[in-house]
2 protein chains.
Amino acid sequence: MHTTKKQFKKILSYYSDISTLNNIQATLEWDLNVNLPRSGGQGRADQTAYITKLSAEKWQDPTFVELVAEASTLKDQTLEEKAIIRNLQHSLKYYTRIPQALIIEFSRETSLAFMAWNSAKQKNDFSEFSPHLKSIIKLCQTMGDHLTYEKDPYDALLDLYEPGLTTADCKQYFSEIKTPLTSLLKKIVNSKKYNALPEFVNGDIVFSQKKQQELSHFVLKKMGYDFDSGRLDISPHPFTIGLGRQDIRITTMYQSTDFRDSLMASIHEGGHALYEQGVNPEYANTPLDGGVSLGIHESQSRFWENQIGRSPEFIQFITPLLHAFYPELETADSERLSLLFNHVSPGFIRIEADEVTYNLHILIRFELEHALINGKLEVDDLPEAWNTKMKKYLGIIPPTNKQGVLQDVHWSYGSFGYFPTYTLGNLYAGQLHAAIEKETHYTQNLTTGELRTPLGWLRSNIHQHGSVYLPDELIKNATGSTLSTSHYLTYITDKYTRLYNLS
Amino acid sequence: MHTTKKQFKKILSYYSDISTLNNIQATLEWDLNVNLPRSGGQGRADQTAYITKLSAEKWQDPTFVELVAEASTLKDQTLEEKAIIRNLQHSLKYYTRIPQALIIEFSRETSLAFMAWNSAKQKNDFSEFSPHLKSIIKLCQTMGDHLTYEKDPYDALLDLYEPGLTTADCKQYFSEIKTPLTSLLKKIVNSKKYNALPEFVNGDIVFSQKKQQELSHFVLKKMGYDFDSGRLDISPHPFTIGLGRQDIRITTMYQSTDFRDSLMASIHEGGHALYEQGVNPEYANTPLDGGVSLGIHESQSRFWENQIGRSPEFIQFITPLLHAFYPELETADSERLSLLFNHVSPGFIRIEADEVTYNLHILIRFELEHALINGKLEVDDLPEAWNTKMKKYLGIIPPTNKQGVLQDVHWSYGSFGYFPTYTLGNLYAGQLHAAIEKETHYTQNLTTGELRTPLGWLRSNIHQHGSVYLPDELIKNATGSTLSTSHYLTYITDKYTRLYNLS
């Protein structure tokens with residue numbers, strides 16, 4: 001990146017070490033999820049802890065902190081220089097306001113909590129996890145106090161994942177979408193086309209992993225994912241990770257009796273990866289590299305997964321491929337496959353949720369974690385509160401805590417404030433879709449697999465900017481206005497009204 | 001590891017960081033060889049350079065250097081404490097005697113040389129590599145001067161790979177084996193059974209990679225390789241690497257028209273890995289962990305590959321498996337398969353060489369690199385000198401430099417002094433075989449796949465000791481005497497006399 005100011009040159013040179021440490025950490029983490037042999041856990045934990053320590057030392061180095069403070073007062077800063085300062089100050093808030101002892105305790109407690117959660121989930125025993133959850137909530141509250149906030153301690157945590165996002169924003173977004181979504185869901189469930197148990201994926205047919213893999217590769221290449229700067233591997237939970245500017249890897253998982261999951265996971269992670277691969281190469285190893293926030297990142301994965309991958313038009317394009325790869329599907333025409341890929345059914349598990357119920361799962365988590373952080377809900381009352389909200393928003397009650405309050409890993413990591421970014425991603429994706437559609441009418445051409453148009457638009461309007469603009473500004477520049485839930489609601493209502501012949 | 005001395009406690013605590021950095025470096029290196037996408041090279045180079053720098057800083061930290069010096073003067077040191085000091089002093093010699101600037105220049109020059117070698121080899125153009133080789137030789141000479149030596153600058157380099165090994169030792173060993181080997185080779189080539197082009201592997205039959213993989217897994221498990229603390233992957237050049245005490249990984253490569261290579265590479269690397277997996281767990285993350293020298297390490301891989309894997313008895317055991325996995329081999333009985341796995345034929349390429357010619361390839365490299373380091377051979381005269389020695393020892397002259405002087409990567413890495421450890425490994429393996437055979441008569445039971453006996457012997461006599469004993473001492477404790485070439489010569493003469501019906 002070009003800068004004429006010596007302070008910024010120094011900052012960039014210093015930061016490149018932090019960036020290298022991040023890439024090393026990512027390599028350790030990728031390998032942990034994809035390759036690590038069963039007994040290698042302790043060794044790997046020692047290695048990641050060591051890099052975490054080195055990285056924290058770099059961030060907390062008084063010379064660096066002072067350099068950033070000094071640079072922040074300089075006049076005539078370029079747009080990029082301002083963004084560098086803003087991004088560094090955002091990270092420094094975490095590293096300098098939270099005492100080192102608290103960071104270490106948090107890391108130790110979440111390691112223990114993760115193991116307890118894992119075991120509690122397996123045994124369906126919430127009481128094994130609850131004491132850990134109590135400690136973690138206390139630690140998160142203390143962290144919030146150190147980070148400071150204006151109105152709500154939960155604000156301080158939200159800001160870690162989505163700079164500037166507040167509780168009030170979340171409440172507003174959810175209040176706007178919850179009624180339309182629940183009533184859309186009711187209409188679907190009562191429609192003639194509704195089918196709680198979809199055919200073809202009811203366990204009778206086994207879909208070859210090799211074919212699933214080939215299909216993922218084909219679609220990812222079609223999307224523009226650069227395999228020379230990345231790889232596709234297998235892990236229990238699909239993810240995207242950057243091990244370096246030209247090494248953005250993705251993973252997927254193969255279900256033998258459901259051909260849909262691996263493809264949608266690959267497209268989803270491919271969306272994340274296209275964002276990272278599309279950042280201005282000049283920003284490599286600077287604080288401007290990579291996606292700007294979790295919400296914007298999720299908008300990219302969701303856009304490719306839902307607005308493109310699950311569109312009837314794209315499914316029409318891949319129908320001949322699906323027939324060729326999986327002869328058992330030959331009797332399913334494009335319309336039937338569309339319904340399969342967009343099958344709606346209220347279920348207990350978030351990660352298996354369809355597009356319509358997904359945000360209701362997030363809403364439940366948002367309301368619960370907000371209450372927990374604000375001391376308005378006790379951990380001991382959480383399982384019951386969970387079930388009550390499931391009944392309220394999805395009309396079903398999980399028969400076990402394993403299928404309920406214990407299903408997600410996030411709270412064991414201490415990631416309070418993370419869940420809302422999933423919904424934010426869906427909302428951003430809806431707004432981006434509306435803007436791209438208005439400008440390019442891209443959807444109709446998805447039937448021929450024409451993906452260069454939406455990619456080109458995203459490259460120019462989102463990807464290349466890396467972390468230069470804050471989410472709000474980025475979306476406004478790209479779509480003409482800041483986030484509104486209306487685009488998402490129009491998109492989802494239209495799509496499912498058509499798919500299920502609703503009135 | 002147990003120690004009551006506070007200096008040693010401090011040393012072990014300090015060293016655990018170095019060990020963690022080594023493991024992180026190994027993760028980066030394993031990933032580079034197994035997974036790295038094509039464009040990821042520069043990013044990975046930055047990461048490894050950063051860890052190299054951190055590691056050197058740790059080694060050169062004056063507090064640590066002083067601590068080691070202080071501990072070395074303590075009285076009543078245990079065997080293990082003495083070994084810790086000896087091993088640390090050996091490494092510190094490299095880090096403290098060689099100026100930092102020279103280490104950096106060496107690293108920079110070898111990176112360039114590696115690229116030049118790669119390109120020169122592809123184009124069969126020695127002149128592209130020769131200027132780099134000249135610089136590297138100069139740098140190695142300077143390094144030798146800094147490391148200091150008694151008689152021969154090459155001694156200083158040998159000692160980096162095999163503590164205590166001297167040029168005089170090498171000359172002695174080679175002088176003892178070269179005549180018996182060349183005359184054995186001559187007898188084989190003139191025998192009735194000699195066949196320059198073996199059947200079954202002449203390119204007509206394609207052997208399924210999946211089957212090759214299954215066979216490697218089966219044999220590795222049989223050997224006792226612990227897959228819970230390791231993995232088997234694919235890389236262009238098979239290798240073994242420790243990413244942590246319980247994460248010792250190996251790689252192999254699959255040739256579609258030769259079923260032998262992947263199996264022998266897997267057994268070879270498995271031999272290295274068994275050594276690392278068998279070290280006393282108390283030595284984890286201390287200077288006593290891991291194999292003691294390259295020569296001893298190579299003895300483990302060679303022993304499993306040759307004395308076990310290529311023995312007629314073991315081949316008898318796997319013959320039914322080979323027939324079941326590769327039906328095309330059904331007409332080859334155990335004796336024929338034995339000859340296939342032990343096929344002798346003088347060739348141009350070291351890594352494809354058989355057991356009889358292998359050490360002659362090493363002899364050529366030893367004589368040439370010794371002359372280069374001592375200024376008795378100019379780089380410009382090297383290709384001709386190579387061919388002359390090939391004619392002398394193997395009776396053939398490579399038609400191109402690509403198949404001659406440019407074939408090996410080692411000199412581009414600056415690894416002068418490394419090659420002799422390959423022969424040393426073969427000699428140690430011969431001596432270990434004689435001792436194990438005398439004590440346990442294990443060979444006859446290889447026909448039933450009984451590998452626990454040799455593994456148990458190696459676990460007790462070699463593996464568990466890690467780096468406590470120097471190679472000489474270790475071999476003497478294990479076999480009753482220091483290294484003698486006689487055991488190796490007896491082994492190889494007996495084996496090939498029988499296989500080829502020589503008189």
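**Notes on chain A**

1. Charges first: chain A has 49 positive and 59 negative charges, and their mean positions lie 1 Å apart. Lys and Arg count as positive, Asp and Glu as negative, with His and the chain ends left out; each charge is placed at NZ of Lys, CZ of Arg, CG of Asp or CD of Glu.

2. A word on the basis: this is a predicted model, where local features need pLDDT of at least 70 and side-chain atom pairs pLDDT 80 or more, while totals for chains, interfaces and linings use all residues. Residues are numbered from 1 along each chain, chains are lettered from A, and side-chain values use heavy atoms, without hydrogens or water.

3. Of the 503 residues in chain A, 56% are buried (under 20% relative accessible area; exposed is over 50%, partly exposed in between; 1.4 Å probe, protein chains only). The C-alpha atoms fill a box of roughly 65 × 50 × 45 Å along the principal axes.

4. Now the aromatic rings: there are 53 aromatic pairs over all chains (Phe, Tyr or six-membered Trp rings with centres within 6.5 Å; planes under 30 degrees apart are stacked, over 60 edge-to-face, the rest tilted). Y94(A) and Y95(A) pair edge-to-face, at 5.2 Å centre to centre and 85° between planes. Y94(A) is partly exposed, at 23% relative accessibility.

5. W411(A) and F416(A) are stacked, because their ring centres are 5.7 Å apart and their planes at 5°. W411(A) is buried at 5% relative accessible area, and F416(A) is buried at 1%. Both belong to one aromatic cluster, whose members include Y161(A), Y358(A) and W386(A).
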